[in-house]
Amino acid sequence: MKKYLILSLAFAFALTTKAQIFLQKTSDGSMLWLNKQCYNTCLVKGMTDKDATLSIAKDELTKYYKGKEVSIRIDPLLNLGEGYMLTDSSIIASSSIGILYGAYDLLRLQETGNLSHLSKTEKPAVNLRILNHWDNLDGSIERGYAGKSIWKWDEIILDKTGEFKNISKDLRNRLITYARSNASIGINGAVLNNVNASPQMMTSEYLHKVKVIADIFRPYGIRVYLSINFASPMALGYTKTADPLDMKVQLWWKKKAKEIYASIPDFGGFLVKANSEGQPGPGDYHRSHADGANMLADALKPFGGIVMWRSFVYGANHKGEDRVKQAVSEFKYQDGKFRDNVILQSKNGPLDFQPREPYAPIFDNIHQTPQIAELQITQEYLGQSKHLVYLAPMWKEFFRFVSPDKLKGIAGVSNIGDNANWCGHPFSQANWYAFGRLAWNPSISSEEIAHEWLIQTYECKDERFTKPVEMMMLTSREACVNYMMPLGLHHIFKFDHHYGPEPDGFKAEYPLEWCPVYYHQADSNGIGFNRSSDGTDAVGQYPEPYRSLYDNLATCPEEYLLWFHHVPWNYRMKSGSTLWEELCMRYNMGVSMVETYRDYWHTSTKEYMKDHITEWEMTDSLLNVQLASAKEWRDVCLKYFQTFSKMNIDE
Ligand code: BDP
């Protein structure tokens, strides 16, 4: 009996090891774009001290660089900040993080075949390149579509005194991969929790756990930041109010800052959503945003921390005003009143991460307060993790209007969750990658970034694969705009979950600014929101030449037409078609673009992805989902709008 047991166990063991070997060979996407093949041929010279960041750089180069030798040198006098100078056999920087960034660049250039005659100097365009996680403490993620939060708070164990005891190996490894991936694209900060923040985040228990994460991230140059609930001291029972001018409240935040910095000396600071969508804020006590931000800024200042105060505020002091105007109306007159460690953080568009919006004019209206642009990587309004939509072209569009020189930082609402491949859709990883690359250097082209990501991730340089797939990626955002909301339409999403279409959406119990009918304004005369000078005058917040350009129906770029104007159904478009015909044409075009992607992927890409078959299959099946959804968007929207236009739907 015993003999059989041993035999069957041995058999089972043999089976599992075999299965493991097989599993290791087939990628599940968990290693992202990081190098997958180890060479161990490179000698790294010039390491003089035992700096943790330099050790990582050495390790990465030793394992993954094919060159024989790389010398590294730190020269603070060169004033390179986080930057570096690079050749194919040397990295010179002013800091150890500069060396690490240089090492990752070298590896990227090796993979993309760009090493010859290499001699360049790199410096990031902005200092703050931060991921914003909208993760809740219970593990759920607001607008997260790739599983649960990667911060497994339960797997960070503290002892009775609150000191760190243990972290699960799995979690540590995953956090290291996260940190490596971020460092490899130059991301240097992470806000760990949702902007709709739980007061619990400020308890000592969580702060001790945050320290554990911060310690893991530090050698990779990633600083930890936290979103705070403005009413934390009151909600946790320490004060009777959260009034920023109350001494006890101020004192509480000062002590809290001291506590945080005692264990996390390089803590980055706070991100704050106040008096917005039900969150508490200084307005609850008739105080201004500046009063609230400054109170926190004063608490963080002695330790070098910053406050990132969000301008995503509507429906409070400016009820009834066109929602896209409210941020400027609210913040313009507070400009100059903020402490110097307060930064205003604003979404790229004036509404809310739509597939296409004109840029947010707040970037032109604030002159004395430093600003951060907030981009959304998680595709809340762009098909979530079901649609292949590559976002770099959208972000590049924004940088055409808002120069990175004007910005202190670029933040990206993360699309990361605990799915094996991190982001849900295999191609959504490309958006994380693109965010980092663009935050480092907004002038890199979308093409270059797509190319880099694709060949590093799928380890295939064959142009018969890369060219068409890059083309898919590059056109995919425009396809999405076309099948969802062409010609400047916006916010006609299904209520709350923001995935499908709901052009007839109206709920009396909700603010009008949440209802699709408010945004498209379709009626028997035409469609679109009149924001021109004879409408809500949102154009008035733009400087020239944009103000006049957008104000005039004849010169308004057609991609923003229905954003700024209410246009008759039979209006002649540049193509010669009527507005209605053009609308039908755009919706149809969006659908046929997805159809082309799906067919091409299915018939012509599998052979190049033999080691990535899981990712291939997932993409293959998701493209079918995307196509069905694109058709639904087209059919639902056109049928609904037809009830006003009374015209035939062109096929
Ligand atoms: C909207 C999201 C909501 C966020 C909000 C924000 O639908 O879940 O809380 O933005 O940015 O896009 O605060």
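Setting aside neighbours within four places in sequence, Ser 276 is in contact with Phe 312 and Val 313, contact meaning heavy atoms within 4.5 Å. Ser 276 lies in the loop between strand E11 (269-272) and helix H8 (289-300), where helices (H or I, at least four residues) and strands (E, at least two) are DSSP runs numbered from the N terminus. Ser 276 is buried, with a relative accessible area of 0%; buried means under 20%, exposed over 50% and partly exposed in between, with a 1.4 Å probe and protein chains only.

This is a predicted model, in which local features need pLDDT of at least 70 and side-chain atom pairs count only at pLDDT 80 or more, while totals for chains, interfaces and linings use all residues. Residues are numbered from 1 along each chain as its sequence is written, and side-chain values use heavy atoms, with hydrogens and water left out.

Five strands form an open sheet of mixed pairing, in the order E1-E2-E4-E3-E5, two strands being paired if DSSP finds at least two bridges between them. Strand E1 (43-45) and strand E5 (119-122) stand at the edges with a single partner strand each, so one side of each is left without a neighbour in the sheet. Strand E3 (residues 84-87) and E5 run antiparallel and are joined by four bridges, and Met 85 stands opposite Thr 121 in E5.

The largest nonpolar core has 196 residues, such a core being a set of buried Ala, Val, Leu, Ile, Met, Phe, Trp, Tyr and Cys residues joined through side-chain atoms within 4.5 Å. Helix H18 (residues 579-604) gives the most to this core, with ten residues.
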